[in-house]
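Here are a few friendly notes to read with the model open beside you. Take them one at a time and find each part as you go.

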Amino acid sequence: MSETLVDVRNLKQYFPVKVGIARTIPLKAVDDISFTIGRGETLGLVGESGCGKTTAGRSILRLYKPTGGEVYFNGELVTDKNITHMRKKMQMVFQDPYSSLDPRMTVEDIIGEPLDVHKLCSNRKERHERILELMETVGLNAEHATRYAHEFSGGQRQRIGIARALAVKPDFIVCDEPVSALDVSIQAQIINMFEELQDKLGVAYLFIAHDLLVVHHISKRIAVMYLGKIVEIADADELNEHPIHPYTESLLSAVPIPDPDITRARQRIILEGDVPSPLKRPSGCPFRTRCRYATPQCAEECPDLSDRGGNHLVACWVK
Amino acid sequence: MSETLLSVQDLHTSFFTDNGEVQAVNGVSFDLNPGEILGIVGESGSGKSVTAYSIMQILADTGKITQGKVLFKGEDLTKWNDKQMQGFRGKNCSIIFQDPMTSLNPVFTIGNQMREAVVLHTDRRGAAADARVKELLELVGINEPEKRMKQYPFEHSGGMRQRVMIAMALACEPDILIADEPTTALDVTIQAQILELIQSLQKKLGMAVILVTHDLGVIADMCDNIIVMYGGRICERGTAREIFYNPKHEYTKGLLRSIPNVSNMKQKLVPIAGTPINMLNLPKGCAFCPRCDAAMKICLSEVPQELTINEDHKAACWMNVKAAYEEASRNE
C-alpha cells in the first residue's frame, strides 16, 4: 500500500432542517465515515442520489464545515484556519460544466483565478504561459484562451474545469460526477484524460459517480455509500467479483452491461421500494428496510465496517 | 412474420429556427412489428427523440415533418388532422418521457390526472373511471392505489412518478408504447425496477415498445432490434447480438470501444475523437465523417446508402461497400 495522502476519520456532516416553527432536526447527510486514499491512488465513491457522496466530497474540502470528525491531509489536520493554504494541494472538479464556470470570465481568467488567489505567478507573462501550458495539458487549443465558457461544448468545458483544478499543482482532486453530464462518446475522452494526468502528475482522486462501470474502470478501490454510511470498501475488481454487502450485490446486479449475452444471462436482484428519506432513517442498519436478509439484530444496532480479508471492509451483520 | 404495425418511411423532420433550418431527422425508415421491443440509440442531437416525437406529431411549434410517411396499420399519419391524431395518441400509441416530474402537473392529484386520460380515451365515467385508474396503478405495482390517487406528484419519488406515467400511458392499452429515455433520471436500482416493469407489461399486454435511449447497457438488456442513429440518420440497424458482436459502422464500433464494459476494465478506453455534431452545419457526406478514423474521400462528398450485411443486419458505411467491392474483385 502506498503512502496515505488523505485520511478521513469519522467524518460527519449534518444539515439542520426546519420542522415546524422553532424546531430543527439534523439531516444526517454523511454519518460517521472513515477511509484513506493513498498518494496517486483513485478511490471511487458510488451510491444513489441522496446517499451523501457529493456531500462527503465537499466536506473533505471544507466547502461545508463538517459537523464532526477529522480530515488529515499528508499527515496534517485540515482546519478552518489552514484550509486556504491546503486548497493549494486539494482541488475539486464539479459535475455540471455549465454552472461551475463563470459566464462572464474568459477561459484565461477562469484558469488563472487559482493562480492569482494563491499568488503562484510573479508576473503577467509567467501567468499567461502557465495558463497556456495548462490548456495544452487538458487538450484545449491555446488560441481559445480569450473565449468565454459558453462558446465551448460540454466536454471542452469540463476540460476547462479540470485545467482550473490543475492550476495549483494539487496532489488530490475530488471529482464530483465529472463525466455524467457528458455525451457517451465524450465521456471516454475525459476518463482517459483523468487517467493520463494521474500517470503523469501522480495526483490522487476521489472519484464520485453513480455509473458503476465508469467508476470500476478508473478506480483502484471503491467505496459504496448508502444513506450517509459507507457499507463496503474493497479493491475495485474484488468488489465487482465478490460483493458481500446485500446492497452492493443488488446495485451491481442492476447495472445494465452493454453486452446482450452477459446482461441477459444475469440474475437481477430487484430492490423493493425506494431509498428512505434521510430525515426518517431506519434504526440500526440503514439498509435493513430493503434488505432480503434483514434480521431483528439489524434493527437494533448499526454494524461497523469489519475486515473480511484483504482489506475488504463490509458493514453487515448477516453477510 | 407478422404484419407490420408501424412503418416509418423516409422521414424528414426540420426545425425552423432563427439560425436557419435544422434538419434533425434526415430520411429515417424503419418498421415496427407487433410485440417487438425496438431500441433507438444515439447521442444527444442524433435525432432519436425527434423521430419518436414525429411519429406522435408532438413536435415543438418550429418543428415540421417535411417529407416522408408514417404508416400505422397501413394509414399515413402525416395526412391526418389534429383531431384524428388526438385519437391516435393514447389509444394506439402512448409516450413516456425522461423526466417524470415535469411530465406531471404539480397542482393536480395523481388520480385527477389519470382520470383525465381514462375519460378522454374511453367511455368510462365517474366511479367506473376511478376503478380503471385504480386497476392501472395496481398494474404498475403501486401499493395502496386509493391513497396514492389522492396525493400530488411531489409526494411521490422519481421511480413512483415514472410508474404513474407508465400507468397513464397504458390507460387504453395502446398498440405502441414509446419510451423516451424512461430511466435516465432515475437511480440504478430504481432503473432496474422500471425496466423490469416495462418488460413484464410488454409481455402481459403484447404491445410494441420503442425504447429511445443513449445508454447502450439498457439497450443490450431490453431490445430485440436496435437502430443506431447519428446526425439525424440511421447508421446501423440489426438484432441486438449483431449490433454488439458484429458492428459494421465505424460509429457503432467507436461507441462500443469508448464505453467501459466488463471486458475492457484493464484496458484504456478508445474515445471517439472530436466533438458532437453541429446540426446547423451538417457535413455534405456521411455525418460521422469528421470524427471517423477510417474516413475515405467518398465519405466527404456522398451520403452512404444502407448495405445489407445479412438478413438481420444493415449498415450505412462506405467501408462496407469497399469491403464488398474488394471481395468481389478477389473472386474474379
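1. Two strands pair if DSSP finds at least two bridges between them. Helices (H or I, at least four residues) and strands (E, at least two) are DSSP runs, numbered from the N terminus. With that in hand, look at Thr13(B): its bridge partner in E2(B) is Val25(B). Strand E1 (residues 6-17) of chain B is joined to E2(B) by 10 bridges, and the two run antiparallel.

2. A word on the source. This is a predicted model, where local features need pLDDT of at least 70 and side-chain atom pairs count only at pLDDT 80 or more, while totals for chains, interfaces and linings use all residues. Residues are numbered from 1 along each chain as its sequence is written, and chains are lettered from A and ligands numbered from 1 in the order in which they are written.

3. Now step back to the sheet. Four strands of chain B form an open sheet in the order E2-E1-E4-E5, with antiparallel pairing. Its edge strands, each pairing on one side only, are E2 (20-32) and E5 (75-76) of chain B.

4. Next, find strand E8 (residues 208-213) of chain B. How many of its six residues are buried? Six of the six are, where buried means that 20 or more other C-beta atoms, placed from the backbone, lie within 10 Å of the residue's own. Ala208(B), Ile210(B) and Val212(B) point one way from E8(B), and Val209(B), Leu211(B) and Thr213(B) the other way. In a regular strand the side chains alternate between the two faces of the sheet.

5. E8(B) pairs in the parallel sense with strand E3 (residues 37-41) of chain B over five bridges, and likewise over five bridges with strand E7 (residues 176-180) of chain B.

6. On to the helices. Helix H6 (residues 158-169) of chain B packs with H7(B) at an angle of about 15°, the axes being 10 Å apart. That makes H6(B) roughly parallel to H7(B), a label for angles under 35 degrees. Axes are lines fitted to C-alpha atoms over the stretch in contact, and angles run from 0 to 180 degrees between N-to-C directions.

7. Finally, the two chains: 37 residues of chain B are in contact with 32 residues of chain A (C-beta atoms, placed from the backbone, within 7 Å). H7(B) gives the most to the side of chain B that touches chain A, with seven residues.

How values were computed. Parallel < 35°, antiparallel > 145°, perpendicular 65-115°, else oblique. Buried ≥ 20, exposed ≤ 12 C-beta atoms within 10 Å, placed from the backbone.
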